[in-house]
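Student: Please take one part of this model and walk me through it closely. I would like to see how that part connects to what surrounds it.

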Amino acid sequence: MQYVKLGKTGLEISPVILGCMTYGDPKRGNHAWTLDEEQSRPFIRKALDLGINTFDTANAYSDGTSEEIVGRALKDFTRRDEVVIATKTFFHWHKGPNAGGLSRKAIFHSVNDSLARLGTDYIDLLQIHRFDHGVPIEETLEALHDVVKAGKARYIGASSMHAWQFAKMVYTSRLHGWTEFVSMQDHYNLIQREEEREMIPFCIDQGIAVIPWSPLARGRLTRDWEESSTRQEKDVFGGTLYNATEDADRAIVAAVKKVAEDRGVPRAQVALAWVAQRAGITAPIVGASKPHHLDDAVAALQLNLSDEEIKALEQAYTPRASAGFD
């Protein structure tokens, strides 16, 4: 595994990140498709065996049980200093006031709870899960800075929002001398490329890492358009992401199939290789619920698509609204 730097930092991460939303108590939260702890642990172990050292979860995934499962598995399978743990704050992780959002109180509460669930003294990458319209960004940014200075997080990152919002936060941090964001986790794949307009160019310009979520479009790029999966049928949020331009999306899915058949590789490798080869992309985040998912993710890193193949994959794309955040 050839590790890469996270943006302008010295932190070395694997060029593919294991997304841990898939792991959690299916009876908790709104992720009924998740794998429980017994089912999850082999995937975390296999990821480590393949050289994946970076694991992404969130305080809100399955009411925090994802963090618990990931924390226990990593403690059992590896040394803390050999892995990079990324988690997030913003969404409510329990009922009641101040149990969500990006106020100073909520951030400190969330971080302390995440540390307890993960069973660790620090978070490598603490990310704000979304932009909070109800809290002054100065309050959020100073709180994040203080979390880092307190030793509870090593770096901070952000996730899906408008580019102007992210730019405002980056430059406000810089103005005050506060800890700056080192990464952006955004929604990016062959059937959702709107981040190419502003967010990714901004991150390239500022040396900010881009670690896309859903690079396989919730699996839609890995199977025929008419086919479904347990997650697709039960994932309420996922059902809001890919309904705008069905004709174009069908054509893109068919193009992935054609390139994969010509290459003699699974479709997942083609779709993921496309993301990994795009300008500005540091490391895509992939979920794994079947053993071959991790094999495909690592193999995709060695699959170099030709200019002709890239053109075939991209030509049916049509503009659409960004999806995945407000």
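Tutor: Let's start with helix 8, whose buried residues pack against helix 9 and helix 11 (307-314). This is a predicted model, in which local features need pLDDT of at least 70 and side-chain atom pairs count only at pLDDT 80 or more, while totals for chains, interfaces and linings use all residues. Residues are numbered from 1 along each chain as its sequence is written, and side-chain values use heavy atoms, with hydrogens and water left out.

A few terms first. Helices (H or I, at least four residues) and strands (E, at least two) are DSSP runs, numbered from the N terminus. Buried means under 20% relative accessible area, exposed over 50%, and partly exposed in between, with a 1.4 Å probe and protein chains only. Contact means heavy atoms within 4.5 Å.

Helix 8 covers residues 246-263. Its 18 residues reach 26 Å from the first C-alpha to the last, close to the 26 Å expected at 1.5 Å a residue (the expected span is 1.5 Å times one less than the number of residues). Buried in helix 8 are Ala248, Asp249, Ile252, Val253, Ala255, Val256, Val259 and Ala260. Viewed down the axis of helix 8, these buried residues fall within an arc of 155°, so they line one face of the helix; the arc is that of the directions from the helix axis to the C-beta atoms. An α-helix has 3.6 residues a turn, so residues three or four places apart point the same way. Turned away from the buried side of helix 8 is a face with the exposed residues Asp247, Glu261 and Asp262. After helix 8 comes glycine 264, with a positive phi near 75°.

A nonpolar core is a set of buried Ala, Val, Leu, Ile, Met, Phe, Trp, Tyr and Cys residues joined through side-chain atoms within 4.5 Å. The largest one holds 87 residues, and Leu18, Phe55, Phe166 and Phe181 touch the most other members. Helix 9 (residues 267-277) gives this core its largest share, 7 residues. Another core, of 12 residues, lies apart from it and has Leu11, Ile13, Val84 and Ala209 among its members. Leaving out residues up to four places away in sequence, phenylalanine 181 touches Ile128, Leu141, Leu144, Ile156, Gly157, Ala158, Phe166, Met169, Val170 and Ile208.

Strand 4 (residues 54-56) pairs with strand 5 (residues 84-89) in the parallel sense over 3 bridges, and threonine 54 has valine 84 in strand 5 as its bridge partner.

Two loops are worth a glance too. Aspartate 63, in the loop between strand 4 and helix 2 (65-77), has a positive phi of about 55° although it is not a glycine. Aspartate 63 is partly exposed, at a relative accessible area of 30%. In the loop between strand 5 and helix 3 (104-118) sits asparagine 98, with a positive phi near 60° and a relative accessible area of 37%, partly exposed.

Methods: Two strands pair if DSSP finds at least two bridges between them.
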